[in-house]
Amino acid sequence: MNSNKGISISVKNLSKSYGNIQAINNLSFEIGKAELFGFIGPDGAGKTTLFRILTTLLLPDSGSASLCGFDIVKDYKKIRQIIGYMPGKFSLYQDLSVEENLKFFATIFGTTIEGNYDLIKDIYIQIEPFKTRPAGKLSGGMKQKLALCCAMIHKPEVLILDEPTTGVDAVSRKEFWEMLRKLKESGITIIVSTPYMDEASLCDRVALIQGGNIMKTDTPENIINQFDTALYEVKTNTMFQLMSDLKEWENTESAYLFGQYMHLTINNKDSNELESYLQSKMHKDIEIKQITPNIEDAFMRLMGK
Amino acid sequence: MKRFKGFVIKEFYHIFRDYRTMVILFGMPLVQILIFGFAISTEINNAGIAILDNSKDAVTQKITNKLLSSGYFKLEANLSDYKEIEPMFRKGNIKEVIIFENNFAKKLETEKKANIQIIADASDPNTASLITSYTSNIINNYQLEMMKNQQLPMQINPEVKMLYNEELKSVFMFVPGTITVLLMLISAMMTSISITREKELGTMEILLASPLKPIQIIVGKVVPYVFISFMIAVIILILGFTVFGMPVQGSLFLLMGECLLFILMALSLGILISTVTQTQQTAMMISMFALMLPTILLSGFIFPIENMPLPLQVFSNVIPPKWFIIIIKNIMLKGVGLGYIWKETLILLGMTLFFIVLSVKKFKIRLS
């Protein structure tokens, strides 16, 4: 462990396929201790497969990986002692109450709720009023908070969270990420996957994963800074027409809907031409503004490449 | 050990919270044993008959009275013509028609011979042969009584005694059978379902990624069902004894021990099923078809193994319930000790160990 001090997770040339489908393809990366590392990618990108390999639930076809110096194949028993895992699907006992679930997971990891109460206090306090309620009857956000409590009740060294915020409302999502930041402060390495690109900016570093390949690994700031072209937001009176017109325009590089606006990158960097094009297509109330890209724009650009 | 205890407690929560299943678990033995005991009976009671008496004399009257007072038959109609027989059967109220020939008493007197024809509805062959044999027995008895005063040149008199079940109660057959079927069903199906449920709900993923050992998960799953199955066995035995007077001639302790062995066998079979299935549905289907049907059909519970074609007889040897039924019938009805059933016990024990080893080996420590 001393040899790779500061490195919590190290993955080398990891591959796994199901039949003809290559789920993850030759992945290599390193994650530092107490880092909050995000995997961002669409459904089917290979996030869950990767996490299952890291949690020793699946064997890779080739390549190697280690957590805290333990090999995921050889030392799977040791790894199972030190990780906290929250699968993508809600996986607690629906017929057990909040408290019973927590107690059960504390027991099977050889600890007690009281023993590690400090660690989960901030989160648990929010669901404690419902502690006698069956877990199946909690709201989506509550469920995820309970699942997080259960995953870290034994003070894991590495916390692996597979899409913890999917299906959770915006407010709860924000709270959830605040909790993760706090946990990170206490020295726990956290890897988290999400299909929501806006959550990427909350991580220390993110990896964009698509089709089993990591497209890019960097800090959110760097990823935004690497945006190498001008970005415009466009709005007119008929957004639906605008969408198809922009896609047909020969100068359009990429165009996608973003909230109430279309985000657009173009070939020849001259927005005046755009305005006249839109006028020729009978658009009114045309708004065109150059903006600084955010993380989502950066990802859209990376994924388009 | 603490982990294991926590796991078992959790299993009990699952079982007791699911009260619909609980009702089925404890209601099923009750209903089954009552149905088997009362409704499905191979004894003849109040079977409807019709009589076509062409003679109407003192002797035919006497025979008729004897038949009707036996309790086995109920007179549905007195016929006067052969033509009425067929429509009568078609109506379905009667199982048998008894026909006395003309001048019955007179013929008996002069020719020393008179005929009774018995026509039975053999659409249900077992009942038909039972009814006709009851009828001829009663007639034979009457004949013997008549000849008491006369000396026959020679006579063979078979005296039949039905050992172990003198009244030929069918419940004596059904109680051991029901215990077997229910223990098999509950133990194997419930464990396989409860393990596949963890797979289906995704909780198995967390359990596997935790420090719990496979053996702790398996044994933790089994322990609660050992208790429940054992309680059900006791309920059936008590019901059999109180409601139907089913005796336990042999050692109760031995009987319970054998039940426990069989439960363990069925549980390990359930675990084995769960290791090869992914969903609760398939686990249930396999338990139903692969276990229930052979248990009912091939174990000797309803159909005697000796009457089966040879391949099925050979096949029945690998069906654990066959051995268990032999064991408990011997203990309950014949009152034998372990000395007489050690071979069957050993076979069950061997099967249990085989299934346990196989299921622990097959239990996956990973997801795929």
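In what order do the 4 strands of the open sheet in chain A lie? In this predicted model, the order is β2-β1-β4-β5, and the pairing is antiparallel. Strands β2 (21–32) and β5 (70–71) of chain A stand at the edges of the sheet. Each of these two strands has a single partner, so one side of each is left without a neighbour in the sheet. Strand β5(A) is joined to β4 (residues 62–67) of chain A by 2 bridges, and the two strands run antiparallel. Within this pairing, Leu67(A) has Phe70(A) of β5(A) as its bridge partner. Helix α1 (residues 47–54) of chain A packs on the sheet, where it touches β1 (7–18), β2 and β4 of chain A. The direction of helix α1 makes about 120° with that of β1(A).

Aromatic contacts were examined next. Over all chains, a search of the whole structure finds 18 aromatic pairs. One of these is formed by Phe29(A) and Phe39(A), whose ring centres are 5.2 Å apart. The planes of the two rings stand at 65°, and an angle over 60 degrees counts as edge-to-face, so this pair is edge-to-face. The pair links distant parts of the chain, since Phe29(A) belongs to strand β2 of chain A and Phe39(A) to strand β3 (residues 36–40) of chain A, 10 residues apart. Both Phe29(A) and Phe39(A) are buried. Together with Phe37(A) and Phe51(A), these two residues form a cluster linked by ring pairs.

Lys143(A) is placed over the face of Phe90(A), at 5.1 Å from the ring centre.

Chain B is divided into domain 1 (2–40 + 170–362) and domain 2 (47–145). The C-alpha centres of these two domains of chain B lie 48 Å apart. In strand β1 (residues 47–53) of chain B, 7 of the 7 residues are buried, so the strand is largely enclosed by the rest of the structure. In a regular strand, side chains alternate between the two faces of the sheet. In β1(B), both faces are covered: Ala47(B), Ile49(B), Ile51(B) and Asp53(B) are buried on one side, and Gly48(B), Ala50(B) and Leu52(B) are buried on the other. Strand β1(B) is joined by 6 bridges to strand β2 (residues 73–79) of chain B, and these strands run parallel. Across this pairing, Ile49(B) stands opposite Leu75(B) in β2(B).

Terms used
Residues are numbered from 1 along each chain as its sequence is written. Chains are lettered from A and ligands numbered from 1 in the order in which they are written. This is a predicted model: local features need pLDDT of at least 70, side-chain atom pairs count only at pLDDT 80 or more; totals for chains, interfaces and linings use all residues. Side-chain values use heavy atoms; hydrogens and water are left out. Two strands pair if DSSP finds at least two bridges between them. Contact means heavy atoms within 4.5 Å. Axes are lines fitted to C-alpha atoms, for helices over the stretch in contact, and angles run from 0 to 180 degrees between N-to-C directions. Rings of Phe, Tyr and Trp (its six-membered ring) pair if their centres lie within 6.5 Å; planes under 30 degrees apart count as stacked, over 60 as edge-to-face and the rest as tilted. Buried means under 20% relative accessible area, exposed over 50%, partly exposed in between (1.4 Å probe, protein chains only). A charge sits over a ring if NZ of Lys or CZ of Arg is within 6 Å of the ring centre and within 35 degrees of the ring normal. Domain bounds come from an automatic or database domain assignment.
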